[in-house]
Amino acid sequence: KVILEKKLMREFPARLFSDKLGTFKNVKATLKIKKDSSPKFCRPQSLLLIAKCKVEKELACLVRTSVLKPVKLSEYGTPLMLVYKDNGDLRICGDYGCTVNPNLEIEKYPIPKIDDLYEEIAHSEYFTRIDLFTAYQLMLLEEESSKY
């Protein structure tokens, strides 16, 4: 077990133990929009001055790390939801439930039952834990989907 850990640490040191945001590059997500749908634009909400400074700082960070790309105009405008973390930092979330989500064609995949998953790993020898603290930001969108 220790030999395997050391081998992985030698082969993937930057990927395994980095505090920087990574990117899943093997597959890009595609948003499929219903044919009869029309774009929805919600005006931005007013922010308190203290929240505005934090939002601007977080948006600048998301642009700097290539999570977001600035756009001049868009047919869709999604309101922000601000979530304050325990340490006082701010998480910016988009409320896509009122803009893009109703227009999506949903592909339904069954979620496996936990008992079936336990059965599959019952005789496994190695286990790991992965912390995807910003998982939704790790996957790229196809260029055509990014406009939504």
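## A guided tour from the hairpin outward

Begin at the hairpin of strand 2 and strand 3, where five residues lie between the strands and glycine 88 adopts a positive phi near 95 degrees. The model on display is predicted, and every stop below should be read with that in mind.

Stop 1: Select strand 2, residues 80–84, together with strand 3, residues 90–94. The two strands run antiparallel and are joined by five bridges. Two of the facing positions can be picked out individually. Tyrosine 84 has leucine 90 of strand 3 as its bridge partner, and leucine 80 stands opposite glycine 94, also in strand 3. In a regular strand, side chains alternate between the two faces of the sheet.

**Stop 2: leucine 90.** Keep strand 3 in view and centre on leucine 90, which belongs to that strand. Is this residue buried or exposed? Leucine 90 counts as buried because its relative accessibility is 6%, under the 20% limit for that class. Now display its surroundings. Leaving aside residues up to four places away in sequence, leucine 90 touches Ala51, Lys54, Val55, Glu58, Leu82, Val83, Tyr84 and Lys85. Glutamate 58 deserves a distance label: its C-alpha lies 7.3 Å from that of leucine 90, although the two residues are 32 apart in sequence.

**Stop 3: threonine 99.** With a relative accessibility of 2%, threonine 99 counts as buried. Which side chain does the side chain of threonine 99 meet in a polar contact? The partner is the side chain of threonine 78, at 2.8 Å. Beyond residues up to four places away in sequence, the contacts of threonine 99 are Lys40, Cys42, Tyr76, Gly77, Thr78 and Pro79.

Stop 4: Select lysine 35, found in the loop between strand 1 and helix 3. Its relative accessible area of 83% makes lysine 35 exposed.

**Stop 5: the salt bridges.** Across the whole structure, a search finds four salt bridges. The tour visits several of them in turn.

Start with lysine 32 and glutamate 107, whose side chains meet in a salt bridge of 2.7 Å, N to O. Lysine 32 sits in the loop between strand 1 and helix 3, and glutamate 107 in the loop between strand 3 and helix 4, so this pair ties together parts that are 75 residues apart in sequence. Lysine 32 is partly exposed, at 40% relative accessible area; glutamate 107 is partly exposed as well, at 43%.

Next, select glutamate 143 and lysine 69, which form a salt bridge with closest N and O atoms 3.6 Å apart. Where in the chain do glutamate 143 and lysine 69 lie? Glutamate 143 is in the segment after strand 4, and lysine 69 is in the loop between helix 3 and strand 2; the pair links distant parts of the chain, 74 residues apart. Glutamate 143 is exposed, with a relative accessible area of 57%, and lysine 69 is likewise exposed, at 59%.

Then turn to helix 1, residues 2–11, for the pair formed by glutamate 11 and lysine 7. Their closest N and O atoms are 3.8 Å apart, which qualifies as a salt bridge because the limit is 4 Å. Why are these two residues separated by about one helical turn? They are four residues apart in helix 1, hence that separation. Glutamate 11 is partly exposed at 44% relative accessibility, and lysine 7 is partly exposed at 41%.

**Stop 6: the nonpolar patch.** Finish by switching to a surface display and selecting Ile114, Leu117, Tyr118, Ile121 and Phe127, which make a nonpolar surface patch of about 510 Å². One of these residues, isoleucine 121, is found in helix 4, residues 114–121. Is isoleucine 121 buried, partly exposed or exposed? Its relative accessibility of 37% places isoleucine 121 in the partly exposed class, and that value also passes the patch criterion of over 30% relative accessible area.

Notes:
Residues are numbered from 1 along each chain as its sequence is written. This is a predicted model: local features need pLDDT of at least 70, side-chain atom pairs count only at pLDDT 80 or more; totals for chains, interfaces and linings use all residues. Side-chain values use heavy atoms; hydrogens and water are left out. Patches are made of residues with over 30% relative accessible area and no salt bridge: like charges are joined within 9 Å, nonpolar side chains (Val, Leu, Ile, Met, Phe, Trp, Tyr) within 5 Å. Accessible areas come from the Shrake-Rupley method with a 1.4 Å probe; for residues, only the protein chains shown count as cover. Buried means under 20% relative accessible area, exposed over 50%, partly exposed in between (1.4 Å probe, protein chains only). A polar contact is a pair of N or O atoms within 3.5 Å; within protein, one must be able to donate a hydrogen and the other to accept it, and residues adjacent in sequence count only if both atoms are side-chain atoms. Contact means heavy atoms within 4.5 Å. Two strands pair if DSSP finds at least two bridges between them.
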